[in-house]
Amino acid sequence: MTNINPIRPSPIAGTWYPGNTELLREEVSGFIQKADSSKLDGNVLGLIVPHAGYRYSGTTAGYAYKAVQGLHFDTVVVVSPMHEYMPAPYLTSAHKQYVTPLGEVTVDHESLNTLSDHLFKHTGGKLVAVANDQEHSLEIQLPFLQVALQGSFNLIPLMIREQKPLPLQQFSQALTKILHGKNVLLVASTDLSHFYSQREADQLDQFMLDRFADFDPAGVLKAEVEKTGFACGAGAVAVVLWTARELGAKSVQILHHSTSADSTGDNTQVVGYGAAAILA
């Protein structure tokens with residue numbers, strides 16, 4: 001680990017989102033400004049946000065980050081899937097900082113170490129740190145956070161491969177312990193259905209969005225297993241919902257839904273995107 005670059009090099013800047021600082025800030029700001037302001041029935045403790053390239057899901061992501069625009073959080077926990085194969089259920093970054101064209105984001109390794117200790121003590125599991133990962137679904141949230149939030153924040157990056165309810169509940173319990181008393185924002189990164197027709201996607205996505213709105217983490221996981229709805233970050237969403245509930249959240253409010261057809265015009269094989277706010 002001593003030879004690891006302290007700054008994680010971005011594998012997606014310039015492709016999934018603009019690599020130019022001014023263009024990136026302008027694009028992200030535009031997505032947020034164009035999103036309608038929703039009347040929120042509480043204070044935002046968490047968000048559920050899509051993670052495709054900004055061309056596809058940026059509009060929907062803008063609705064999520066509109067809900068926290070101008071707010072300050074000392075700590076942001078971004079929980080995403082890990083799309084590439086890794087032989088571990090829970091992963092994080094070995095780097096000290098993530099970098100985007102908008103600057104560097106410091107990783108809170110003290111909290112990550114405490115989380116890993118809690119996991120080992122109560123489950124025998126651990127948090128595995130990886131370097132030079134290619135995971136886009138976590139990084140894609142950072143420019144939105146950098147633009148939307150007031151001031152800097154420390155990042156707790158978590159990538160989830162586990163999909164079973166009991167271990168995910170145990171993980172969320174360990175996460176809750178390290179977050180109590182902190183000024184924290186939870187972010188679950190997930191897209192919805194993949195490569196169905198627009199009509200099928202709308203039905204599948206609505207079923208999954210209903211599970212979000214019902215504040216039903218077990219239902220999210222069950223829908224994925226039974227193929228009644230899809231979320232590639234189902235495990236991440238479940239962890240965030242369970243953790244948010246323990247931290248005092250009371251409800252989930254759906255903010256926006258779209259599909260890739262909105263940007264491509266192709267409604268034969270679409271990907272679904274949803275945004276939601278988790279409210280205390």
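Which residues in α2 are buried? Hi everyone, let me start there. They are Tyr-54, Ser-57, Gly-58, Thr-60, Ala-61, Gly-62, Tyr-63, Ala-64, Tyr-65 and Lys-66. Buried here means under 20% relative accessible area, with exposed over 50% and partly exposed in between, using a 1.4 Å probe and protein chains only.

Some housekeeping before I go on. This is a predicted model, where local features need pLDDT of at least 70, side-chain atom pairs count only at pLDDT 80 or more, and totals for chains, interfaces and linings use all residues. Residues are numbered from 1 along each chain as its sequence is written, and side-chain values use heavy atoms, with hydrogens and water left out.

Back to our helix. Helices (H or I, at least four residues) and strands (E, at least two) are DSSP runs, numbered from the N terminus. With 10 of its 13 residues buried, α2 is largely enclosed by the rest of the structure. Those buried residues pack against α1 (21-34), β2 (44-49), α5 (142-148), β9, β11 (251-259) and β12 (270-279), where contact means heavy atoms within 4.5 Å.

On to the charges. A salt bridge is a side-chain nitrogen of Lys or Arg within 4 Å of a carboxyl oxygen of Asp or Glu, and the count comes to 4.

Take Glu-139 and Arg-8, whose side chains meet at 2.8 Å, N to O. Glu-139 sits in helix α4 (residues 136-139) and Arg-8 in strand β1 (residues 7-8), so this pair ties together parts 131 residues apart in sequence. Glu-139 is buried at 0% relative accessibility, and Arg-8 is buried at 0% too.

Next, Asp-108 and Lys-182 form a salt bridge at 3.8 Å, N to O. Asp-108 lies in the loop between β6 (103-107) and α3 (109-123), and Lys-182 in the loop between α6 (165-179) and β9 (184-189), 74 residues apart. Asp-108 is buried at 14%, while Lys-182 is partly exposed at 33%.

Finally, Arg-211 bridges to Asp-214 at 3.1 Å, N to O, and Arg-211 is buried at 15%. Salt bridges with shared partners also join Arg-8, Asp-133 and Glu-139 into one network. Thanks, everyone!
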